[in-house]
Amino acid sequence: MAVVLEHPFTMSHSPDENFAAVTDLERVVPCVEGGHVLEKTGDASVRAEIVVKMGAMSMTFTGTVEVVEKDDAAHRAVLSVKSREAGGQGHANATVTFALADGGGTVQTNAQITGKAASMGEGVVAGVLDALIKDFTGKLERL
């Protein structure tokens, strides 16, 4: 199942400072509810884990987050998220694109979900993902 969402966000620092913050994976990954960095694996990549609650169900996904494109001048970055469900056969992968300007920017999330999470239905998955991203964009202001 594929879900595409776009959210605006605000950040109070300069575009350069904000761009540095959203491309610092050790700072930005914990802004996702239930997310944390397990280890840094490279200059622009980390191993991470997220615990996602979907109704009465809780699922843990472990994988990688990597900055795959970074345009400092345009303040645009693309992150690749690849994760597998612990104890299951599903995955949650995403391409996350940040476009920053004065005062904030937008984040577009293009997610592909399979397994137990996908079996909940597109409406539930989109709702949970939308809530996660709204919470995340609210936390960007504090970076």
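Two strands are taken as paired where DSSP finds at least two bridges between them. In this predicted model, strand 5 (residues 76–85) and strand 6 (residues 91–101) pair in the antiparallel sense over nine bridges, and V78 stands opposite T97 of strand 6. Five residues lie between the strands of this hairpin, where G87 adopts a positive phi near 70°.

Strand 5 is also joined to strand 4 (residues 57–71), by 10 bridges, and these two strands likewise run antiparallel. Within this pairing, F61 has E85 of strand 5 as its bridge partner. The hairpin formed by strand 4 and strand 5 has four residues between the strands, and H75 takes a positive phi near 55° there.

Helix 1 (residues 15–22) contains the buried residues P15, N18, F19, A21 and V22. Viewed down the helix axis, these buried residues fall within an arc of 160°, and they therefore line one face of helix 1. The elements covering them include strand 4, strand 5 and strand 6, together with helix 2 (25–28) and helix 4.

The largest nonpolar core comprises 40 residues, of which M11, L25, L79, F98 and L140 touch the most other members. Helix 4 (residues 122–140) makes the greatest contribution to this core, supplying seven residues. With neighbours within four places in sequence set aside, the contacts of L140 are F9, T10, M11, V22, V28 and F98.

How values were computed. Residues numbered from 1 in each chain as written. Predicted model: local features only at pLDDT ≥ 70, side-chain atom pairs only at ≥ 80, totals over all residues. Heavy atoms only, no water. Core = buried A, V, L, I, M, F, W, Y, C linked by side-chain atoms within 4.5 Å. Buried < 20%, exposed > 50% of the residue type's maximum accessible area, 1.4 Å probe, protein only. Contact = heavy atoms within 4.5 Å. Arc of directions from axis to C-beta.
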